[in-house]
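Colleague: I am new to this structure and would like to learn how to read it. Could you take me through it step by step?

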Amino acid sequence: MNEVIERAVEILSPLCKGGCQIGLILGSGLGGYAEKIENKRFVSYSDLPGFPQSRVEGHKGRFVVGELFGKTVVCMQGRVHYYEGYPQSQLAIAVRVMKRLGVEKLLLTNAAGGVNLGFAPGDLMLISDHINFSGSNPLFGPNDDDFGPRFPDQSNVYDRELRAKVREAAKAAGVSLQEGVYMMFSGPTFETPAEIVFARAAGASAVGMSTVPEAIAAAHCGIRTIGISLITNMAAGILDQPLSHEEVQEAAAAASVRFAKLVDKIIETVF
Ligand code: HPA
């Protein structure tokens, strides 16, 4: 096993006691959800030798281990992005650490731009599938057979059965939930209006700069995954206004109560 993974597992596993069954990765502006975790234990990414570090504003950069609804969760408050310059294989590390800690179900969250013209900022979207348009893949390089096969199937990356339960959970929580395909661009630029026309023609409902590498790594090692996008803005060219990271963070903060309600219900009743 990769030495970085091994060291991180050594440091984190004593905090997990009976193992962590649930993984949670919180995206841009959504890190506040981690405050709800009970009996929190923290480990900064900077305290894990060789672990990739995020420097994006709005990302805390630490693992939070604790309990939610009587279940042990390992949460990443902030994630590393491909556009920060790391090869995507480095983005697989966190997911593989989770696998070694015992994680069976993973909730990936992100801020995304709305491509579907029926969406509005503030909408929550259940990711049904993705288009990896990032130009890379977290499984580039020699395959680590300890985690999964060389040519993994991708026909159920976002677990169909869990998705049906998430729709029910959203209904029970009274939170409306869109569903659609997430298309990953590398960033760090926002997309051009022409790229958004292309994304829509390709079948995407939302675009973003994250999540796909972790989802691929999770599917590879057999972790069942759910993805939730918070639509923070309509994607480029839809409205006559420029996009900004500040707008993304403000919209995420404004939706935080609804987002938390949905995540609570997913962890309580689906995971
Ligand atoms: N594009 C890419 N990533 C994003 C966007 C967007 O419009 N909004 C939030 N993250």
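Modeller: Gladly! Let us begin with contact, which means heavy atoms within 4.5 Å. Leaving aside neighbours within four places in sequence, alanine 206 is in contact with Ala112, Gly113, Val115, Met125, Val181, Tyr182, Met183 and Ile231.

Colleague: Before we go on, what kind of model is this?

Modeller: This is a predicted model, where local features need pLDDT of at least 70, side-chain atom pairs count only at pLDDT 80 or more, and totals for chains, interfaces and linings use all residues. Residues are numbered from 1 along each chain as its sequence is written, and side-chain values use heavy atoms, with hydrogens and water left out.

Colleague: Thanks. How many helices and strands does the protein chain have?

Modeller: Helices (H or I, at least four residues) and strands (E, at least two) are DSSP runs, numbered from the N terminus. Here there are seven helices and nine strands. The radius of gyration, taken over C-alpha atoms, can be set against the globule rule, 2.2 Å times the number of residues to the power 0.38. For this chain of 271 residues the radius is 17 Å, close to the 18 Å from the rule, so the chain is as compact as a globular protein of that length. Its C-alpha trace spans about 50 × 40 × 35 Å along the principal axes.

Colleague: And is alanine 206 buried or exposed?

Modeller: Buried means under 20% relative accessible area, exposed over 50%, and partly exposed in between (1.4 Å probe, protein chains only). Alanine 206, in strand β8 (residues 206-208), has 0% relative accessibility, so it counts as buried. Across the protein chain, buried residues make up 55% of the 271 residues.

Colleague: Which residues have the most contacts inside the largest nonpolar core?

Modeller: First the general idea: in soluble globular proteins, nonpolar side chains tend to be buried together. A nonpolar core is a set of buried Ala, Val, Leu, Ile, Met, Phe, Trp, Tyr and Cys residues joined through side-chain atoms within 4.5 Å. The largest one here has 46 residues, and those with the most contacts inside it are Phe51, Phe63, Val74, Met76, Val97, Met98 and Leu106. Helix α2 (residues 88-101) gives this core its largest share, seven residues. Another core, of 33 residues, lies apart from it, and Val64, Ala169, Ala252 and Phe271 are among its members.

Colleague: What covers the buried residues of α5?

Modeller: The cover includes β1 (22-26), α2, β5 (105-114), β6 (124-132), β7 (178-184) and β9. Eight of the nine residues of α5 are buried, which leaves the helix mostly covered. One of them is His220, with a relative accessible area of 4%. Beyond four places in sequence, the contacts of histidine 220 include Arg96, Leu139, Asn143 and Phe147. Just after α5, glycine 222 takes a positive phi of about 80°.

Colleague: Where is isoleucine 238 found?

Modeller: Look in the loop between β9 (224-234) and α6 (245-254). At 25% relative accessibility, isoleucine 238 counts as partly exposed. Not counting residues up to four places away in sequence, isoleucine 238 touches Gly114, Val115, Leu117, Ile196 and Arg200. Proline 193 is 45 residues from isoleucine 238 along the chain, yet their C-alpha atoms are separated by 7.5 Å. For another pair, alanine 206 and lysine 171 are 35 residues apart in sequence and 22 Å apart in space, C-alpha to C-alpha.
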